[in-house]
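Please keep the sequence and the model in view while reading.

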Amino acid sequence: MAPAELKAAGALLVGLRQFVEQLVGPILNRTTSGELSTFTLHDETHGRKVAHLAWCILDPERRRRLSPPEIVLIVAAAYFHDMGMALSPNERKLRLPQVLERISGMSADQPLKRRIDDLRRVLSDQPHEAEELSRIQWNLHELEEVALADDTRERHATRERYEELLAVLRAANLKDPEAVPSVDSCLSQGGDSLVPALIEVCTSHGESADCLAEASPEDPSRRRFRAIPIGRFTVDTHLAAACLRLGDILDFDRERTPPILFYYLVSPPSGSAEQASIREWTKHLSISNWEIGRESLIFRGRCSSPVVHKAILDFTDVIRKEVVSTLDTFEPAELGTGTIALPREVRTIIDAEGYTYFPYSFSLDDDRIHKLLMGGAIYSNPLDAIRELIQNSVDACLLRDALTQLHDPAVTPTRRDRIVIRFTDRSGQDFPPTLTVEDSGVGMDEATLKGYFLRVGCSYYDSDSFFRTRIELRRAGLDFAPVSEFGVGFLACFLLSDRVQVETSSWASPSGDTAKRTLTIDGPTRLIHLRMAKNQGVERFKGTKVTLVLRPRAGSEAEPADWAWSEIRQYILRVCQELPYDVLLTTSGGPEPTTDVLRPVARTITLAPEVEKFFTRITVGTDSNLIEGEIAIPNFGAIEGYLEEKTKGNPDAVFVTVREMGPGVEDLPDDHGHRTQSLGSSLLRGGFLLGPVPGLPEAYSPFPPKARLSLKWRGRSNAKLPETDLARSHPSARGEIAAEVARIWMSHFLEDPARIALGQLGNSRTRFRGPRDWRFLQPFGAYRVFLLARSGWVTHLRGGIENGQLGARFTQWENSMGPPLPLGGFGSDLYRSLLDLVMPKFTAIVEGAEGRLSLEPPRTGWKPEAERCTDFVSQPVSWGRFATFEKGIENLLFYSYPGTSFLNLKFKDRMDWASSTELQALPDIFDSILAGQKYPTIRPRMDAPGLTLMEKAIKEVGDLQIGTINGIKLQIREIRLVAEP
């Protein structure tokens, strides 16, 4: 460092020491007193450990490059982030009434509110003996302390809380400046304050790791956590926030819980909250040491309690997820250059003393589950209850058929009349309609009813008993993957009905229990009325029959209205698409009884002949162990050209033309907009519709991509269908499925470039952003990826280049000759994403006077090099900070246009002195200056680092000429700061 920088660094470190020792430390050490006595330590020792851990997890090379303000920010955050856990007596006095007021407004079923209300009611009901009165008052006081502690924990990492603390520190400084240093002076350099960055970094430790990748709320084009100038230095707030989050969660060992404090400071537990805190203390006490290995973080320790053992395993899993989530906020290129040196796996080695560990199981609160279901927290559509019942019926029939064939291979089970759905319309008799779902599956005996059906969240198809049966089925080639798995689907019935009747009898009970049982259920939390009947003979009842007395629902004018069969039938037809059984649909009681059969829909995609020519069909089968079926990708450019030609630019004619073309075309909404990729695609799971297929190209077109895909279970390690959310509204591994779909359809074109027609990608877009999404492209080589990108590029160039010349222009450009080609489109366009991925290795950006970007012809000999290039994802190259400026702006160093931020390549040799951070900062400064010219009321602001950077630029480059598309051009010969009036 230069002498001035050394002096500035020294001042920062002196300020940091004052901040820690005189401001934060004394307050932090209050967190082990009063209402927070049962928390693990969040004191000065914890701050020191977090700072030390942040240092340890940094790659040695990154440590060496830490700037003084970065060191100060990381250390200050390590101490300051938990300062909000400490409450002064005055803060406690002011906060407790607010907390109790909030509790008084809670729902009566909240446990804490219920306990407090009960104790207050006991106090007011009758007089009490002195000892009893003291006990009740003490219990009430403890509950109030628990409420205050929970409130403190929830709000300690909020911006408002940090602002409160800073206000307290500033007030103390004003009162006694000699004894209390200024927090702003301690954390500033060269007129720049680290306090805003400190607040932002500390706030992040109370949020999810996704916050590290968020855009700035002030400027969405920039990241919330990024490099910022502080005095003579630069601070990477993203790195500081990551260090705080990881250092905080890794402070997990006996040093955080001194045994003397555990045994003498913590009082015996008197309630659930206290017991939770005791587990926290013991959990930290149980860890002897940990180390950062090459492949995993390893925690070692001894434990004498299975409860604490479970808490340790749970917490190490939290650590693993936090490490992975935080590392994922860095681009691979950033991590590859040496930033955070942590493996992604976490292991625990715990010596169990006096017990054998096994995981605990938990019971669910029936009332709470009922309220979640009834409130729509899980199922958004009440008719989902019908799908849940049909799923149960399908699984029951599949199991019966598999077991039948297992014991008698000569038997061929029938598909017909196995599942029957009956709708009885009794509205004319002043009775609500009923819906019955009946199957001839395995049914249930007493053991199954008690062990699984009546236990919410306990599914037979996820039991050891079924797994043992499944082993036998697999050996005989009769294995199947059940759709039901959660054990909560039956409760969805109460979305539609207040009374449910279940009739069931086991087809082949191991105990010989063939009795028919009828259960009448008036709600999930009510007693169940049970009737039993003898059930013998060849024609005895086998299977399960569920009848729902349908509850009226709100009509179009908020009037109670009965469910209509037409709506129910439409739902069933939409959801049940590839069931292994025909479903018989019958109605009775209405004016016109009906009977029809729901049969599986063909997995192939139906397209009208006139539409077929625009689509490429792709069969998905053995090349994927996740999905199977068919994908149909349209040639978006050809479609657009066809419609333009046929309708001659008349928007109203588009509707007529589209509808005339029949199946395979989607109706357009009335506002002349277009639907997207979700129409015409079906993702199936076990034959039931799960939702639209993710990973297809998205485009505004009446011809969206189509796909009918089923999730596979064969070949998966667990031999199960991929999991979903509880409502079956989307797969849990949606991102994985989207990536697989994209890989399949894009690979189909890349495997044979002859399949890539001009206009293929058209104006389609993609949701993929991170480099990891594109790794499957690398084996095909950069040139084939360019060809796929070109198929969309031409669509955007048709309007700017005459069609007769477009092909010649492209040929000339690809042969490294001729003028630049306009880039066109938007950054989210799929072809642009692909070009950005591969072409920076071979060509450069050109910026025009109207702000439009073009690409220079690639360098001579680029094609063979591009064909061999298979590292464009793992070793990415970006466009950089410089672009060639076209005539009219060729003498400007910087040209402002929304969405671009390039410097003139002509002056690159004069900018060798600038670091990458400075090259990134200069366009922001220029934009500020130009904005001040356009809007005279806005005075450009420039801090000391910006002034230094501008002075350096003027000295090295000469007179700076900058301009904007609005016609403003400036020549900057000097620049200086003007004091505010």
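Two strands are said to pair if DSSP finds at least two bridges between them. Helices (H or I, at least four residues) and strands (E, at least two) are DSSP runs, numbered from the N terminus. The model is a predicted one, in which local features need pLDDT of at least 70 and side-chain atom pairs count only at pLDDT 80 or more, while totals for chains, interfaces and linings use all residues. Residues are numbered from 1 along each chain as its sequence is written, and side-chain values use heavy atoms, with hydrogens and water left out.

The description may start with an open sheet of eight strands, whose order is β12-β11-β10-β13-β9-β8-β16-β17 and whose pairing is mixed. Its edges are formed by β12 (528–533) and β17, each of which pairs on one side only. On average, neighbouring strands of this sheet are turned by 15 degrees against each other, direction ignored; axes here are lines fitted to C-alpha atoms, for helices over the stretch in contact, and angles run from 0 to 180 degrees between N-to-C directions.

Helix α17 lies across β8, β9 (434–439) and β13 (543–550), and runs at about 15 degrees to β9. Helix α20 lies across β8, β9, β13, β16 and β17, with an angle of about 175 degrees to β16. Contact, in this account, means heavy atoms within 4.5 Å.

A second open sheet has five strands in the order β18-β19-β22-β20-β21, again with mixed pairing. Because β18 (615–620) and β21 (688–691) stand at the edges with a single partner strand each, one side of each is left without a neighbour in the sheet. In general, strands of a sheet pair through backbone hydrogen bonds, either parallel or antiparallel.

Strand β18 pairs with β19 (residues 627–634) in the antiparallel sense over six bridges, and Phe615 stands opposite Pro634 in β19. Strand β19 in turn pairs with β22 in the antiparallel sense, also over six bridges, with Ile627 opposite Leu711 in β22. Strand β20 (residues 681–685), by contrast, runs parallel to β22 and is joined to it by four bridges; the partner of Ser682 in β22 is Arg708.

Is strand β22 mostly covered or mostly open? Six of the six residues of β22 (residues 706–711) are buried, where buried means under 20% relative accessible area, exposed over 50%, and partly exposed in between (1.4 Å probe, protein chains only). In a regular strand the side chains alternate between the two faces of the sheet. In β22, Lys706, Arg708 and Ser710 point one way and Ala707, Leu709 and Leu711 the other way, and all are buried.

Elsewhere, two helices pack against each other. Helix α25 (residues 782–797) meets helix α27 (residues 830–838) at an angle of about 145 degrees, with their axes 8 Å apart. The residues in contact include Val785, Phe786 and Trp793 of α25 and Tyr831 and Leu834 of α27. By class, this contact has ten nonpolar, two polar and no charged residues; Ala, Val, Leu, Ile, Met, Phe, Trp, Tyr, Cys and Pro count as nonpolar, Asp, Glu, Lys and Arg as charged, and the others, Gly among them, as polar.

The last topic is the salt bridge, defined as a side-chain nitrogen of Lys or Arg within 4 Å of a carboxyl oxygen of Asp or Glu. By this rule the model has 44 salt bridges. One of them joins the side chains of Asp924 and Arg222 (3.5 Å, N to O). Asp924 lies in helix α29 (residues 916–934) and Arg222 in the loop between α10 (195–204) and β3 (227–230), so the pair ties together parts that are 702 residues apart in sequence. Asp924 is partly exposed, at 34% relative accessibility, and Arg222 is partly exposed at 28%.

Asp401 forms a salt bridge with Arg418, their closest N and O atoms being 3.0 Å apart. Asp401 belongs to helix α17 (residues 384–407), and Arg418 to the loop between α17 and β8 (419–424). Asp401 is buried at 10% relative accessibility, and Arg418 is buried at 7%. Finally, Arg159, Glu200, Glu207 and Arg224 are linked in a network of salt bridges.
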